[in-house]
Amino acid sequence: MVHISDGVLSPEIWITGYVATAIILFFTLRRMNVEDVPRVSIVTSAFFVASLIHVPIGPTSTHLILNGLVGILLGYSSYPAIFIGLLLQALLFQHGGITTLGINTLDMGLPALISYQIFRLKSNPVTAGLVCGLAVFLAVLFTSSVLILSCEEFYEFAGVFFVAHVPIAIVEAIISTFVVAMIMRVKREVIT
């Protein structure tokens, strides 16, 4: 899973995560309009629920992340949506932690923003699938990098962590392709 728990990271890393997340939240929230709130709420709840279904694989577990799809559907509002989803997961289910909320938001929120930017270049279902698969790998890469920076003992775990998320990336690419294709046929204006 891509949630880093409390007590795993050194204070300088999780404090840096909070500072970076606060800065990104400031700029992304400034772009959000009041009219966006219902759409952000619905997508945030889907993100929240999807990540509650865990599949154990070796020393880790995986779940749908949907950060790429959140990015495509919400654009810049995806970062606050992911922050809220992760905050609720940490408070209600102890997935992740309060001290690591900033880093966890960076690990999943930055790939969402990258997905949005790539999708804007060529908005079609195939691109959606590719960027959503990429978003999973970026989240795993960012999380692994943070863990290795905090403690080199996580280096061996990073490979298992990456391999465990390959099926998730494939599934998310397929789901996202179909979701975006349906939305583009039915209500294209939903996609930012």
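**Close-up views of a predicted model**

**View 1. The buried residues of α1 pack against α4, α5 and α6.** This is a predicted model: local features need pLDDT of at least 70, side-chain atom pairs count only at pLDDT 80 or more, and totals for chains, interfaces and linings use all residues. Residues are numbered from 1 along each chain as its sequence is written, and side-chain values use heavy atoms, with hydrogens and water left out. Helices (H or I, at least four residues) and strands (E, at least two) are DSSP runs, numbered from the N terminus. Contact means heavy atoms within 4.5 Å. Buried is under 20% relative accessible area, exposed is over 50%, and partly exposed lies in between (1.4 Å probe, protein chains only). In α1, the buried set is I13, G17, T21, I24, L25 and T28. These residues lie on the same side of α1, because they cover an arc of only 115° around the axis. The arc is taken from the directions from the helix axis to the C-beta atoms. E12, F27 and R30 are exposed on the other side of α1.

**View 2. Helix α1 from end to end spans 31 Å, first C-alpha to last.** The helix has 21 residues, and its span is close to the 30 Å expected at 1.5 Å a residue. The expected span is 1.5 Å times one less than the number of residues.

**View 3. W14 and Y18 form an edge-to-face aromatic pair.** The structure holds five aromatic pairs. Rings of Phe, Tyr and Trp (its six-membered ring) pair if their centres lie within 6.5 Å; planes under 30 degrees apart are stacked, over 60 edge-to-face, and the rest tilted. W14 is partly exposed at 24% relative accessibility. Y18 is partly exposed too, at 28%.

**View 4. The charged end of R31 sits over the ring of Y76.** Its distance from the ring centre is 4.0 Å. The criterion is NZ of Lys or CZ of Arg within 6 Å of the ring centre and within 35 degrees of the ring normal.

**View 5. I72, V180 and I191 touch the most other members of the largest nonpolar core.** This core has 39 residues. The elements giving two or more residues to the core are α1 (11-31), α2 (37-50), α3 (67-74), α4 (78-93), α5 (101-121), α6 (125-150) and α8 (166-186). A nonpolar core is a set of buried Ala, Val, Leu, Ile, Met, Phe, Trp, Tyr and Cys residues joined through side-chain atoms within 4.5 Å. Leaving aside neighbours within four places in sequence, I191 contacts I72, L73, F119, V180, I183 and M184.

**View 6. P111 lies in helix α5.** P111 is buried, with a relative accessible area of 0%. Not counting residues up to four places away in sequence, P111 touches N67, L106, A135, L138, A139 and F142. P111 and G133 are 22 residues apart in sequence and 10 Å apart in space, C-alpha to C-alpha.

**View 7. L66 has a positive phi although it is not a glycine.** The angle is about 65°. L66 is in the loop between β2 (60-62) and α3. This residue is buried, at 12% relative accessible area.

**View 8. Q94 has a positive phi of about 55° and is not a glycine.** Q94 is in the loop between α4 and α5. At 56% relative accessibility, Q94 is exposed.
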